[in-house]
Amino acid sequence: MSPTDETTAPDHEVLVIGAGVSGLYQLHRLRELGIDVHVIERADDLGGTWYQNRYPGCRFDSESYTYGYSFSDEILAEWSWSEHFAGQDETLRYLNFVADKLDLRRDIEFGCTVESLTFDDATSTWTTRLADDRTIRSRFLVTAIGVLSAPTLPHYEGMDSFRGDSFHTFDWPHEPVDLVGKRVAVIGTGATGVQVISAIAEQVGHLTVYQRRPNWCAPLHNRPISEQEMDAIRADYDRIFARCADTPGGFLHGPDPRSFHDLAADERREFWERLYASPGFEKWVGNFREIFMDEDANAEFSEFVADKIRERVHDPAVAEKLIPRDHGFGVQRVPLETRYYEAYNLPHVDLVDIEETPIVEITEQGVRTSDTEREFDVIVYATGFDAVTGAFDRIEITGADGRNLRDVWAAADPDTYLGIFVHGFPNLFMIGGPQGSSSTINFPRSIELTTDWITGLLRHVRDHGIERVEVTVEAQAAWADEVRRWYERMLLRRAKSWFTGYNENIEGRDRMRHVMYNGGLPRYRKRLETAAAEGYPTLAMTRSGSRVDA
Ligand code: NA7
């Protein structure tokens, strides 16, 4: 890497930003092709989400063996998962194992915070400027910067004045935090807050949960994997990955083939009892399709889960506070939990409904709501992320003709083609970009697909001497319309969550945005395969100044 001289060749053919699950795989695939590729990563080590999120209780909601990479028989044969839903430390160990196995570290540079990305029309290259003012010039850029990597804090008065420890879950300290006997506040009850609360409730001195809107949570049913069981899983990997490839969510569980209306009410209840007792997301993505589209079906299942909450929480008033009223089951991300509801039966755990008694300020000692002040040793902000587009918006990205990506996306929806391209930003490929499939699909199952596809495109580009590739405006418009049509069919369009682009901690984000593709994995894969088989008709490709016809 060196100061850029625009007259020289680029420093690298491909620069990958991010060394998490996606960036690591992209590095491996491009290196296999003999393409000159370099990876830069903001953190001090690899792992992305799994490096960063160290809060207690952080773990998979996907079955471990459906989350691992599928591409290497050797890795599949050598790695053993210890639990059906592995914890953060094990997942991080796994990613390090993969990186060591493939000798990936030699092409990764850590501690590189990207400030800006600027496309140069004349040379069809990107210049990446880092926080320390160094620059890297590359022909192509692959962003692997994560879907949930830009944490957001609330804006309460006095947050800086708190004298105890406070942190966002994403920035949980690397050194152990001793919570035993401490007075702890958790603000936020999304998937993260629910994991933290369940994990720490027993050990803390006192826990106060500040809940704005409850979520529909359901049991994870985690358990260890024995050696024999792991052997059986290993022998079954072909079937496991084939099954994942076949389901909309990229999980082992696909929608029940029967219609909600085919069964009598008592038969449905019997089916749901079985789902509720099953591990992982089956009770969500293995349910009847109507749960996602039909209000009556959704209401009936939501009432079934509400009854479960009432059974599990002893104090009826607390149980009612934990039941969502503004959205039905599964239209927001379903937090999976282990004894979450039971935590509220402990005498030292309190639930504060901040719709009823809003937080007024954070004080030196704790949190003041409209009715009282409570004192704490630790405040945990489990308040979520500037999801999907946040990691992009934090970088100054300037494409062809000087257009700024943040401005382009702020105007309306963050429109893309397949979640991979943005018109006007040539030679830039996104893994996990908006309107792609990675937010709605078991992440590695989605990103392996996208990464393989980008790799195939880069092979095509190399083999044909192409210098510039970008999506046509028509192809992007057609894809973005398809994304919007999928939202129209789904009840999730009505919920205010990161699935619909909301985040009230950010100005201008109290409105619906179509940020993800809801058409499911098989459909998404078909679109990618067709585009490649037809020679990429939706992409404009240029070789040394002349347009290449597909
Ligand atoms: P989420 O799912 O966005 O949840 C954030 C939570 O924080 C949610 O309960 C919010 O309440 C709450 N929140 C956000 N801002 C505030 C303020 N200002 N005051 C009080 N409460 C607030 O993020 P997670 O980290 O839990 O999960 C993200 C993903 O990580 C998850 O979907 C998995 O895929 C992994 P609200 O619901 O907005 O009323």
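Reply: Two strands pair if DSSP finds at least two bridges between them. Strands (E, at least two residues) and helices (H or I, at least four) are DSSP runs, numbered from the N terminus. By those rules, 3 strands make an open antiparallel sheet, ordered β19-β20-β21. Its edge strands are β19 (468-471) and β21 (546-548), each of which pairs on one side only. From one strand to the next, the twist averages 30 degrees (axes are lines fitted to C-alpha atoms, for helices over the stretch in contact; angles run from 0 to 180 degrees between N-to-C directions). Strand β20 (residues 539-543) joins β21 through 3 bridges, in the antiparallel sense.

A word on the source. This is a predicted model: local features need pLDDT of at least 70, side-chain atom pairs count only at pLDDT 80 or more, and totals for chains, interfaces and linings use all residues. Residues are numbered from 1 along each chain as its sequence is written, and side-chain values use heavy atoms, leaving out hydrogens and water.

Now the parallel sheet. Here 5 strands form an open sheet, in the order β7-β16-β8-β9-β12. At its edges stand β7 (165-168) and β12 (349-353); each has a single partner strand, so one side of each lacks a neighbour in the sheet. The twist in this sheet averages 15 degrees from one strand to the next. Strand β9 (residues 206-211) and β12 run parallel and share 5 bridges. Within that pair, Q211 stands opposite D353 of β12.

A helix comes next. Helix α6 (residues 191-200) lies across β8 (183-187) and β9, at about 160 degrees to β8. Of its 10 residues, 8 are buried, so α6 is largely enclosed by the rest of the structure (buried means under 20% relative accessible area, exposed over 50%, partly exposed in between, with a 1.4 Å probe and protein chains only). The buried residues of α6 include T192, G193, V194 and Q195. V196, I197, S198 and I200 are also buried. Their cover includes β8, β9, β11 and α14 (340-343).

T192 leads on to the ligand. The ligand is surrounded by 19 residues, and the closest are Y156, T189, T192, R212 and R333 (near means a heavy atom within 4 Å). A polar side-chain atom of Y156 lies 2.6 Å from a ligand nitrogen. A polar backbone atom of T189 is 2.9 Å from a ligand oxygen. An N or O atom in the side chain of N505 is 2.9 Å from a nitrogen atom of the ligand. On its own the ligand has 770 Å² of accessible area, and the protein covers 84% of that (Shrake-Rupley method, 1.4 Å probe).

Next, a loop residue. H327 sits in the loop between α13 (316-321) and β11 (336-337). H327 is buried, at 8% relative accessible area. Its side chain makes a polar contact with the side chain of D326, at 2.7 Å (a pair of N or O atoms within 3.5 Å; within protein, one must be able to donate a hydrogen and the other to accept it, and residues adjacent in sequence count only if both atoms are side-chain atoms). Leaving aside neighbours within four places in sequence, H327 is in contact with R213, P214, N215, W216, Q332 and A495 (heavy atoms within 4.5 Å).

Last, back to a strand. S116 lies in β4 (residues 114-120). S116 counts as buried, at 15% relative accessibility. The C-alpha atoms of S116 and I395 are 5.3 Å apart, though 279 residues separate them along the chain.
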